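Subject: Structure handover

Hello,

Here is the structure I promised to pass on. Please open it beside this email and follow along.

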Amino acid sequence: MPIKILILQKIHDDGIKLLRENNYNIEVAESSDEKYLIEKVKDFNGILVRGMVPLTRKIIEAADKCEVIGRHGVGLETIDMKAATENNIPVVYAPGSNSDSVAEHTVALMMTLAKKICKLNNSLKYYNDYNIRLNLSCFELKDKTLGLIGLGNIGKKVAKICEKGFNMKVIGYDPYITNEMLKNDSLQVSLVKSIDEVLKNSDIVSLHLPSTKYNSCLIGEKELVLMKKSTLLINTARGTLIDEEALFKAVSTGVIAGAGLDVFFNEPPLADNPLLKLDNIVVTPHTAAHSQEANRNMAIMTAKGMADVINGKRPACIANPEIWEIRRERK
């Protein structure tokens, strides 16, 4: 019987090509509805998840032929990892595949806010207001302090761009990172002992954390009031990290100067989400990782990991490695 792979959202053609080179039959799901997928997954040997499509326990348990789940990207919160592990299904993913894209997007949001690009663009384009150049001031990133919460692949790339490119001072909090690790990456980031220290001492705060049950609304009213009134908050990580009601209140009342958001607590955000109405909040629709290069990288890395599992080879990036030996023994 041919190997069948179900893709929950279309991926880059080079990822499809790699799967087809392994003689797999590829099908793109017509819907992300749970009931549809519960019926659909029964005949597939692999499931490739993209975006924020949830792969629930019910879907995983219905996929009784499934040998591997592939995550197009890094975040695993849309996959019921406990269910996958209990059913001895390896989950492969693509760490580092989109780091450059997200880091660049993060800095682009900083620049857009600091230079007030959206306001200037709209005033000139739609209102022919050339004189706004005399009435709206911006600021330079040079010599400002960037505070990073999370210093993984993306956080470190943002640090390098800002440190080397803008001569910014960079401080950061990450309990899993040491000064020696930063030194090995040729970074001059000053590690601090708490998130509060980052918030109090930064001109720009940027979040680079995965979403977990422990960090929901990590940045709320209590944290926002610790920041300077001139501070900008950037989030290209996960929307659940910020209490959006508290952020709206903080930005609209001048507690902080503004925010750049690529992610939201609920996605897509509702049309009446008040954050979308504020001029000093710049938003993008969860596209930080969607450069041409990153989409290709994610597709190829995920496809290769899935093919490795199906071919009996340990994948380079497996999110639940504890089941690999168990799976081999059962085979």
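Start with β1, helix α1 (residues 13-21) and β2, which together make a right-handed β-α-β unit. Keep in mind that this is a predicted model. Strand β1 covers residues 4-7 and strand β2 covers residues 25-28. The two run parallel, and 4 bridges join them. To find one of the pairings, look at I5: its bridge partner in β2 is I26.

β1 also pairs with β3. Here 3 bridges join the strands, which again run parallel. L6 has I47 as its bridge partner in β3. From β3, the chain crosses through helix α3 (residues 57-62) to β4, and this β-α-β crossover is right-handed. β3 and strand β4 (residues 68-71) pair in the parallel sense over 4 bridges. Across that pairing, G46 stands opposite V68 in β4.

Which way do the residues of strand β3 (residues 46-49) point? G46 and L48 point one way, and I47 and V49 point the other way. All of them are buried. In a regular strand, side chains alternate between the two faces of the sheet.

Next, the helix α13 (residues 292-310). Just after α13 comes G312, with a positive phi of about 85°.

Most residues other than glycine have a negative phi, and most peptide bonds are trans.

- N23 is not a glycine, yet has a positive phi of about 65°. N23 is found in the loop between α1 and β2. At 62% relative accessibility, N23 counts as exposed, because the cut-off for that is over 50%.
- N167 is not a glycine either, and its positive phi is about 60°. Look for N167 in the loop between α8 (153-166) and β7 (169-173). N167 is partly exposed, with a relative accessible area of 45%.
- E267 and P268 are joined by a cis peptide bond, with omega at about -5°. P268 has its place in the loop between β11 (258-261) and β12 (281-283).

What about cysteines and rings? A search of the whole structure finds 0 disulfides. C118 is in no disulfide: the nearest cysteine sulfur, that of C138, is 13 Å away. That is why C118 has no partner, as a disulfide needs two sulfur atoms within 2.5 Å. C118 is partly exposed, with a relative accessible area of 35%. C217 is also partly exposed, at 31%.

The structure holds 0 aromatic pairs. One ring does have a charge over it: K4 lies over the face of F44, at 4.7 Å from the ring centre.

Last, a loop residue. S230 is found in the loop between α11 (221-224) and β10 (232-235). At 41% relative accessibility, S230 counts as partly exposed. How far apart are the C-alpha atoms of S230 and S186? They are separated by 29 Å, and the two residues are 44 residues apart along the chain.

Best wishes

Methods:
Residues numbered from 1 in each chain as written. Predicted model: local features only at pLDDT ≥ 70, side-chain atom pairs only at ≥ 80, totals over all residues. Heavy atoms only, no water. Buried < 20%, exposed > 50% of the residue type's maximum accessible area, 1.4 Å probe, protein only. Pairing = 2+ DSSP bridges. Right-handed = clockwise from strand over helix to strand, strands pointing away. Phe/Tyr/Trp six-rings, centres within 6.5 Å; stacked < 30°, edge-to-face > 60°. Lys NZ or Arg CZ within 6 Å of the ring centre and 35° of its normal.
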